[in-house]
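Me: I have a new structure open and would like a quick tour. Can we go through it piece by piece?
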Amino acid sequence: MKEDGYERIREYLTDGEYVIWQGAPVKGHLFSLQDIFLIPFSLMWGGFAVFWELMVILADAPLLIKLWGIPFVVIGFYLMAGRFFVQAHMRKHTLYAVTNKRILRIRKKQVDSLNYRLSPQKRMTQHKDGSGSIIFENSGNQWNKGYQVVWGMNMKAGFWMEHIPEVSRVFHILEEQTVDS
C-alpha cells in the first residue's frame, strides 16, 4: 500500500515539493461522538418507518400510500447501518500527505489541499490507541474544500484528516511545518 500510496500522491506534487509524511485512515467501522445521538435517532426513525410501512401494507392502503413510506424506510436503513459502510469505503480510498508546502487529502481522483501559509487553527482529537483526527478551523473563506460528516452524510465544511494512526506525531509535524513556512 505504501508504494502504491506514494505513487498516487506523487502525481499531485508540484516542482520542489516533497513528502514529509504520508498515511491513510484506520480501516474498519469506527464510531464517533456524533453516534451518541445518531444511533438512538436512527433506531427510532428506522423502527417507526418500518412499522408504519408494515401497517400500511397490512391495511391494504392505496398504492400511493404504500410507496410514500419507502423513502423513509431507505433513509432509516442508511442511518442505522449504511452510513458505516459508506464511511468505511471512503476511508479505504483516502490518502493523506504532508509535504514541505501543503497538506493533501486524496480520494480516488478528488484532491483537496491546504496551504500552510493560510495558518488555520488546528484541533486534534486522540483515541486510546493513538489514532485520531486533526481538524483545521476555517479562519476565513480562503479555503473550504473539505467535507464534514453531519448526520452520517458528508456536508461541505472545513478541512480535516480523520482516523489517522499516530495522530500526535502528525500533529507535531504539522506544527513544525507551519512554523517553518
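Predicted model: local features only at pLDDT ≥ 70, side-chain atom pairs only at ≥ 80, totals over all residues.
Me: Let's start with E175. Is E175 buried, partly exposed or exposed?
Reply: E175 is partly exposed, with a relative accessible area of 33%. Buried means under 20% relative accessible area, exposed means over 50%, and partly exposed is in between, using a 1.4 Å probe and protein chains only. Residues are numbered from 1 along each chain as its sequence is written, and side-chain values use heavy atoms, with hydrogens and water left out.

Me: Which side chain does E175 meet in a salt bridge?
Reply: That of K122, at 3.4 Å from N to O. E175 lies in helix α5 and K122 in strand β5 (residues 122-126), so the pair ties together parts that are 53 residues apart in sequence. K122 is buried, with a relative accessible area of 18%. A salt bridge here is a side-chain nitrogen of Lys or Arg within 4 Å of a carboxyl oxygen of Asp or Glu. Helices (H or I, at least four residues) and strands (E, at least two) are DSSP runs, numbered from the N terminus.

Me: How many salt bridges does a search of the whole structure find?
Reply: Eight. One of them joins E17 and R102, with the closest N and O atoms 2.8 Å apart. E17 sits in the loop between α1 (2-10) and β1, and R102 in strand β3, so this pair ties together parts 85 residues apart in sequence. E17 is buried, at 8% relative accessibility. R102 is buried too, with a relative accessible area of 16%.

Me: And what does E162 pair with?
Reply: E162 forms a salt bridge with R107, at 3.7 Å from N to O. E162 is in strand β9 and R107 in strand β3, so to speak distant parts of the chain, 55 residues apart. E162 and R107 are both buried.

Me: New topic. In what order do the strands of the open sheet run?
Reply: The order is β1-β2-β3-β4, four strands with antiparallel pairing. Two strands pair if DSSP finds at least two bridges between them. β1 (19-23) and β4 (110-115) stand at the edges with a single partner strand each, so one side of each has no neighbour in the sheet. On average, neighbouring strands are turned by 15° against each other, direction ignored. That angle is between axes, which are lines fitted to C-alpha atoms (for helices over the stretch in contact); angles run from 0 to 180 degrees between N-to-C directions.

Me: How many bridges link β2 and β3?
Reply: Five, between residues 94-99 of β2 and residues 102-107 of β3, in the antiparallel sense. A hairpin of two residues joins β2 to β3. Y96 has R105 as its bridge partner in β3, and V98 has I103. On the other pairing, β1 and β2 share four bridges. There, W21 stands opposite V98.

Me: Why is β2 largely enclosed by the rest of the structure?
Reply: Because six of its six residues are buried. Both faces are covered, with T94, Y96 and V98 on one side and L95, A97 and T99 on the other.

Me: What does the side chain of T99 make a polar contact with?
Reply: The side chain of E17, at 2.6 Å. A polar contact is a pair of N or O atoms within 3.5 Å; within protein, one must be able to donate a hydrogen and the other to accept it, and residues adjacent in sequence count only if both atoms are side-chain atoms. A polar atom of the T99 side chain also lies 3.1 Å from the backbone nitrogen of K101. T99 itself has 0% relative accessibility.

Me: Last one. Where is confidence lowest in the chain, and where highest?
Reply: Strand β8 (residues 153-156) is lowest, at a mean of 43, and α3 is highest, at 94. This is pLDDT, the predictor's confidence in each residue, from 0 to 100. The chain averages 81, and 81% of the residues score at least 70.
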